[in-house]
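I want to note down, step by step, what I looked up and what I found.

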Amino acid sequence: MNEQADIIFTDEQAQLLEIAETFTADKSPMDAVRRQLEADDAIEAGLWRQIADLGWLGIAIPEEYGGSGLGLGEVVTIVEPMGRKLFSSPLISTTLAAQMILLGGSDEQKSQWLPQLAGGTVAALAVTEAHGDWDLSNLTCAAERKDGNLVLSGGKTFVTDAMLADLFLVSVSLDGEPALVIVEAANLGPGALRREIVIDESRRSHALNLNGLSVPMDNLLPAANLHRLHLAACLLYAAEMCGGMAGVINVTLDYLTTRRQFDHFIGAYQALKHPMVDALVGLEQARSQLYHAATVFDMAEGRGEVAVRMAKAQAADAFAFASDRAIQFHGAFGFTHECDAQLYRRRALWCEQQYGDGAHHRKHLAGLLLD
Amino acid sequence: MNISASELDEFRAEAAAWFSANKPADPGFLLPQSFMEVGTDAQFEFLRAWQNKVYAAGYLGLAWPAEFGGGGKDQVFQDIATAEMVRQNVPFMTNTIGLSWAGPLILNMGTEAQKQAYIKRILSAEDIWCQGFSEPDHGSDLGNAQLRATRDGDEFVLNGSKIWTSLGAYADYIILLARTDTQTNTKYEGLSYFLAPMKIEGVDPAPIKKLTGEHGFTQTFFNDARISESCLIGAEGAGWQVAMKTLTFERAVSGGQAGGVHSMPVSAWEVVQLARQAMRDGRPAIEDPLVRDQLVGFLMEERGMALNNSRAKIPGLIAERPASIALSRKLVGSEWRRRLNQFAVTLQGANASRYVGDGAVMDRGRWQRGYFNAFSGTIGGGTSQIQKNIVGERVLGLPKQD
């Protein structure tokens with residue numbers, strides 16, 4: 001496990017990163033972020049259309065299905081700048097759903113759904129349950145075969161962007177094994193979705209009630225790799241967190257270099273300066289872990305898993321620190337909703353608590369590295 | 001110079017075979033981790049003999065000019081030999097000041113006579129070099145050097161003292177920053193730089209006992225020590241410029257540092273091994289969940305530092321703050337090393353209370369001694385607190401405290 005650790009950064013990645021930085025800076029200034037907090041959806045339909053037109057939803061989808069044929073390592077370079085500007089969109093869930101269909105779907109499912117997903121159809125992930133366990137195979141939701149259909153039962157939580165979604169990728173237990181089922185929005189009965197109030201106000205999250213829902217057998221993915229889904233989600237969340245960390249550090253630096261107290265800019269005080277260096281050091285390590293994970297994600301399972309778990313753990317802890325200190329270092333202003341620091345802190349908590357926090361991933365890393 | 005890949009492969013294989021066959025056997029005592037930690041005659045003689053052997057075999061100073069004792073080859077050969085030393089974890093080259101600072105300086109701006117006199121003997125470790133920059137009252141503020149060098153005909157008379165002189169008790173020569181003129185406009189203008197002999201009348205290196213209990217360096221006293229004006233390197237009064245030049249050799253491509261490994265790396269994987277031997281509640285400590293969590297944390301940081309080095313070479317991934325990784329490297333690495341050693345000490349349970357020299361101490365006490373020595377990294381060359389000021393001001397753009 002002590003292999004040479006390197007980062008490979010391709011020209012495609014460099015171009016995507018640059019374009020995404022420009023795009024998000026233009027489309028997601030802080031007043032737009034705040035306006036969107038009050039809106040029904042996390043993102044305006046027109047903006048989502050532009051993202052689809054840029055081809056970003058098909059980055060990791062093969063060309064034969066209407067994508068660019070690149071990988072999640074390239075998607076990372078889109079998600080990171082989005083995180084920096086607190087951009088909120090179904091890009092992560094749509095990308096992950098496409099990856100699951102690509103890896104475990106039938107030819108018919110791929111042909112039907114992948115071109116649509118590459119083109120802007122929104123997919124939501126319904127893989128978390130009320131118990132809040134990060135183990136995606138801990139399933140109380142079930143599917144039973146009946147008259148050529150699958151009858152679903154149970155409930156899902158933290159289904160983001162559900163109101164925009166045309167399809168849901170739902171994890172259930174079938175014959176005692178984890179399975180993934182495609183549920184089309186059109187099949188949901190009234191009241192199947194219930195809005196959840198979540199800590200990150202830039203997200204739109206719903207609970208999904210599956211009871212009484214019946215879908216054709218054809219909607220079952222022939223293979224479901226929830227482990228892979230978990231790791232892919234961790235990679236993209238690590239990217240979002242690295243972006244958020246860079247954003248909140250800059251927000252804090254702006255304040256430390258303009259606010260004066262006791263005859264000095266407060267950033268001159270070492271009590272504030274030194275923890276900012278700690279935050280920077282945390283960011284640098286997190287970005288390095290992120291782009292290493294992006295480099296090796298598609299390689300042998302063990303190596304990719306170590307890299308991704310390290311990236312998620314490092315980003316979660318470092319973003320928590322940077323955003324927590326951001327509130328504190330804004331003083332009384334930091335206590336207000338008007339101060340942007342809390343937006344990042346809420347984002348950090350969401351990202352940390354979805355798909356496992358630092359301690360959780362270190363526990364799994366211990367098994368991978370020490371045994 | 002056109003070098004074929006096969007030529008390099010051949011050289012790499014030769015070097016690998018030589019180091020494998022000639023790597024010294026366990027000397028029976030705990031070796032230091034770098035030249036700054038050499039504390040006993042036995043350690044010193046062992047390391048001097050090892051460097052001499054490596055040089056004689058043709059794996060040191062490969063890119064230095066052949067006419068002065070170097071290998072006269074392209075830098076790539078030295079890089080291969082150095083990488084092989086690291087890979088095989090052989091003891092370090094102890095004449096670090098000579099190989100990395102004095103040698104490159106002499107090659108760069110020394111006289112023909114100085115090159116003939118010193119270069120080969122630096123490589124062979126026949127002459128050991130030390131550094132005389134810091135003074136007791138001035139820490140790392142080099143421009144404030146007060147040691148006097150008073151001209152007397154074609155000689156200079158030295159008075160004052162230098163401190164933290166690593167290998168001071170063994171050194172034959174010292175690169176010395178001294179004040180030749182006290183009547184200048186700025187403190188920088190009156191300094192001169194000397195290649196001065198150590199083993200002469202009036203030079204008295206007094207060992208300083210470190211917190212480890214060992215003698216690691218000296219305070220070096222100069223009492224009317226007389227040296228020839230031929231010891232000057234650079235012009236009289238141009239010492240500051242020469243000192244600054246000395247600091248630039250670190251990453252020179254050719255005609256730079258002589259190469260070779262200069263400190264023994266420490267890895268969290270070694271602490272993983274220690275955790276298999278230490279005990280908790282009747283089981284190996286590596287099975288303790290809290291120990292496991294900490295071990296993984298150190299392994300992550302170790303990899304994070306390596307990955308930082310990889311990312312630092314990719315302009316597209318350091319665009320916002322290009323100097324960030326480079327300027328924080330010393331801070332991050334030295335603090336990690338201190339915490340890792342500290343953890344390795346406490347990992348030993350009750351046996352953490354033993355120390356170097358005790359017959360039952362784990363790993364010969366390297367972690368206990370390593371923890372104390374790790375403070376040289378977090379204090380020397382600007383403390384971690386100063387480093388945080390530097391990074392905060394130069395990288396993050398925060399204001400200085402006036």
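The entries below go from the whole chains to their domains, sheets and contacts.

**Entry 1: the model and chain A as a whole**

I note before anything else that this is a predicted model, and I read every value below with that in mind. I began with chain A and looked up its secondary structure, which comes to twelve helices and eleven strands.

**Entry 2: chain B as a whole**

I repeated the search for chain B, which has eleven helices and nine strands. Its radius of gyration is 23 Å, close to the 21 Å that the globule rule gives for 402 residues, so chain B is as compact as a globular protein of that length. The box filled by the C-alpha atoms of chain B is roughly 75 × 55 × 50 Å along the principal axes. Among the contacts in chain B with a separation of 6 or more, residues 24 or more positions apart account for 70%.

**Entry 3: domains**

I looked up the domain assignment of chain A, and it gives domain 1 (11-122), domain 2 (125-219) and domain 3 (226-370). The C-alpha centres of domain 1 and domain 2 of chain A lie 22 Å apart, and the contact between these two domains takes 17 residues from domain 1 and 15 residues from domain 2. On the domain 1 side, α2 (30-37), α5 (91-104) and α6 (107-119) of chain A each supply at least two residues, and α5(A) gives the largest share with five residues. I sorted the residues of this side by type and found ten nonpolar, six polar and one charged.

For chain B the assignment gives domain 1 (5-94), domain 2 (129-251) and domain 3 (268-395). The centres of domain 2 and domain 3 of chain B, taken over C-alpha atoms, are separated by 33 Å.

**Entry 4: a sheet in chain A**

I traced one open sheet in chain A, which three strands form in the order β4-β8-β7 with antiparallel pairing. Which strands stand at the edges? They are β4 (155-160) and β7 (193-196) of chain A, and each has a single partner strand, so one side of each is left without a neighbour in the sheet. On average, neighbouring strands of this sheet are turned by 30 degrees against each other, direction ignored. I then followed the pairing of β4(A) with β8 (residues 205-209) of chain A, where four bridges join the antiparallel strands, and I noted that Gly155(A) has Asn209(A) as its bridge partner in β8(A).

**Entry 5: strands in chain B**

In chain B I looked up β3 (residues 155-166) and β7 (residues 215-228), which run antiparallel and are joined by ten bridges. The bridge partner of Phe156(B) in β7(B) is Ile227(B). β7(B) also pairs with β6 (residues 203-209) of chain B in the antiparallel sense, over seven bridges, and here Ile208(B) has Phe217(B) as its bridge partner. β6(B) and β7(B) form a hairpin with five residues between the strands, and in this hairpin Gly213(B) takes a positive phi near 95 degrees.

**Entry 6: one residue in chain A**

I picked out Asp53(A), whose place is in helix α3 (residues 45-53) of chain A. Is Asp53(A) buried or exposed? I found 11 other C-beta atoms within 10 Å, so Asp53(A) is exposed, since a residue counts as exposed at 12 or fewer.

**Entry 7: where the chains meet**

Last, I looked up the contact between the chains, which takes 37 residues from chain A and 35 residues from chain B. On the chain A side, α1 (11-27), α7 (226-256), α8 (270-296), α9 (301-329) and α12 (358-370) each supply at least two residues. The largest share of that side, 14 residues, comes from α8(A). By type, the residues of the side of chain A that touches chain B divide into 22 nonpolar, ten polar and five charged.

Notes
Residues are numbered from 1 along each chain as its sequence is written. Chains are lettered from A and ligands numbered from 1 in the order in which they are written. This is a predicted model: local features need pLDDT of at least 70, side-chain atom pairs count only at pLDDT 80 or more; totals for chains, interfaces and linings use all residues. Two residues are in contact if their C-beta atoms, placed from the backbone, lie within 7 Å. Ala, Val, Leu, Ile, Met, Phe, Trp, Tyr, Cys and Pro count as nonpolar, Asp, Glu, Lys and Arg as charged, and the others, Gly among them, as polar. Domain bounds come from an automatic or database domain assignment. Two strands pair if DSSP finds at least two bridges between them. Axes are lines fitted to C-alpha atoms, for helices over the stretch in contact, and angles run from 0 to 180 degrees between N-to-C directions. A residue is buried if 20 or more other C-beta atoms lie within 10 Å of its own, exposed if 12 or fewer, and partly exposed in between; C-beta atoms are placed from the backbone. The radius of gyration is taken over C-alpha atoms; the globule rule is 2.2 Å times the number of residues to the power 0.38.
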